[in-house]
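Try each task before you read its solution.

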Amino acid sequence: MSDWRVIGASVTGTSHLRAGRGCDDAHAYRTLEPDHLLIAVADGAGSALRSARGAATAAQVAIDAAGHMLSQQVEPSASDQWLSVLTYILTTAREALVLLTRESVPVASDLPGSASKSAAEMSSLRDFATTLLIAIVTAHWIAVAQIGDGAVVIQLPDGSTTSLTPSYRGEYINETCFLTDAEYLARADYTILPRAGTQGIALLTDGLQLVAMNFPENTPHQPFFTPLFKFAANPEAQPEELQRFLESERICARTDDDKTLVLAVYP
Amino acid sequence: MSQLDDIGLADNPDPVCPCILLLDTSASMSGTPISALNDGLKVFQQDIQEDDLARRRVEVAVVTFGNGGVQVVRQFDKVSEFKAPTLSSGGNTPMGAAIIEALNLLRERKQALKENGIVYYRPWAFLITDGAPTDNWQAAAERVHSEEQANGLAFFAVGVGEADMNILAQIAVRGPLKLQGLKFTELFRWLSASQKRVSASKPEEKVPLPLPEGWAVV
């Protein structure tokens, strides 16, 4: 039984609530013997009809694929081996979205007011567009793959935090890439580094970036993460508390997007 | 008492959503058209200022062409401070020059934002005309095309009344729309709703704008 304490929440943004749609964010996590930690977060594209399903599927399949690789094989001991593992996870998650397009059931799309697809109509891959961030932490390594926006932040033994996410590169803050893009592997960012005493890790979707990170460098805002990691370390912490925080007035005043935050601490 | 009461939020400046209005105030707009346009602008102000996030993020500039030639009626500034101008009509239609002016304003604004470390959304340009350009418009069209190609902005055009839709189609790669009658109010409500959508998180290439039914001829 792993010692990692993990806590996470995905909440619907006020803009989605106003439009009568649900949450397009999703997250999944798992701990494995002996001390492996797997976390995935995904943010479905606002314009995609079935992106909530896309995000949920991508996150879950990524965790399953990661878990499968780690339990079936010797833990990677070099960067290039981790790169293969990460690539496999992304490819498998995307494959799962492709399989979704082959369903031929009549479904109402996630967007209110749009017509239901007939049984004969298949969804296109773009309907499931989603970002995907996946982090794997073992005793010796941290391996992260990221397609699209959002952030991965780690906490070092001295309490300081650092981002494993590339700093904001595009010209526009509102354009990102998706797991469903043809060039998804080329557009993925990989970060592989030695564990080196890292004792906390957080993954978030872009709904929180404005309040959790300092722009334009995209560095973690310490006063945001320190109390949150402390909260996560508390064995009595409840996901509902985290949820309430994400839904709070002061957060929603700054951002009306869906928000996801998963925190993990190794005591 | 929750441990989560004391969380510090990063103090980033709001991201900016630049929107530039290019409005025809030529002589043919005299009477009901310009009056309806002015009403539409008031509706835009009212509607967009109701939205917290849009108020903080959207920046509007207004360039007119017609009365007084090309006029920059409003430089880029927060839409929270926007007071709908009362435009009057006259003159011919220097649309080409107005487009160039607008693109230059946009370029300068992006530069200023970059220098101040402020992040922004892909800007919108929104042209409304009831006629045809009386100046050289080809150079302006080329600049719009190359800006669109480089993903530098999203350029929309709406034709009113006797507007030359053919020429508009050569300027705006995104298929110009024709206004039903003088439904400026509906048009500006749509524009406000679209800017609210744009300023709220993440639209992508295929922006799910509210459908332009109700004001566009389809």
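In which helix of chain A does A:Thr14 lie? A:Thr14 lies in helix α1 (residues 14–18) of chain A; helices are DSSP runs of H or I with at least four residues, numbered from the N terminus. This is a predicted model, where local features need pLDDT of at least 70, side-chain atom pairs count only at pLDDT 80 or more, and totals for chains, interfaces and linings use all residues. Residues are numbered from 1 along each chain as its sequence is written, while chains are lettered from A and ligands numbered from 1 in the order in which they are written.

**Exercise 1. Describe how α2(A) and α3(A) pack.**

Step 1: helix α2 (residues 51–72) of chain A and helix α3 (residues 79–101) of chain A have axes 8 Å apart, at an angle of about 140 degrees. Axes are lines fitted to C-alpha atoms over the stretch in contact, and angles run from 0 to 180 degrees between N-to-C directions.
Step 2: α2(A) and α3(A) are therefore oblique to each other; under 35 degrees counts as roughly parallel, over 145 as roughly antiparallel, 65 to 115 as roughly perpendicular and the rest as oblique.
Step 3: by class, the contact of α2(A) with α3(A) has 13 nonpolar, three polar and one charged residues. Here Ala, Val, Leu, Ile, Met, Phe, Trp, Tyr, Cys and Pro count as nonpolar, Asp, Glu, Lys and Arg as charged, and the others, Gly among them, as polar.

**Exercise 2. Find the residues with the most contacts inside the largest nonpolar core.**

Step 1: a nonpolar core is a set of buried Ala, Val, Leu, Ile, Met, Phe, Trp, Tyr and Cys residues joined through C-beta atoms within 7 Å.
Step 2: the largest one has 150 residues, and those with the most contacts inside it are A:Ala40, A:Ala59, A:Ala62, A:Leu132, A:Ile134 and B:Leu22.
Step 3: α2(A) gives the largest share of this core, ten residues.
Step 4: not counting residues up to four places away in sequence, A:Ala59 touches residues including A:His27 and A:Ala40.

Terms used:
Buried ≥ 20, exposed ≤ 12 C-beta atoms within 10 Å, placed from the backbone. Helix = DSSP H or I, 4+ residues; strand = E, 2+ residues; numbered from the N terminus. Contact = placed C-beta atoms within 7 Å.
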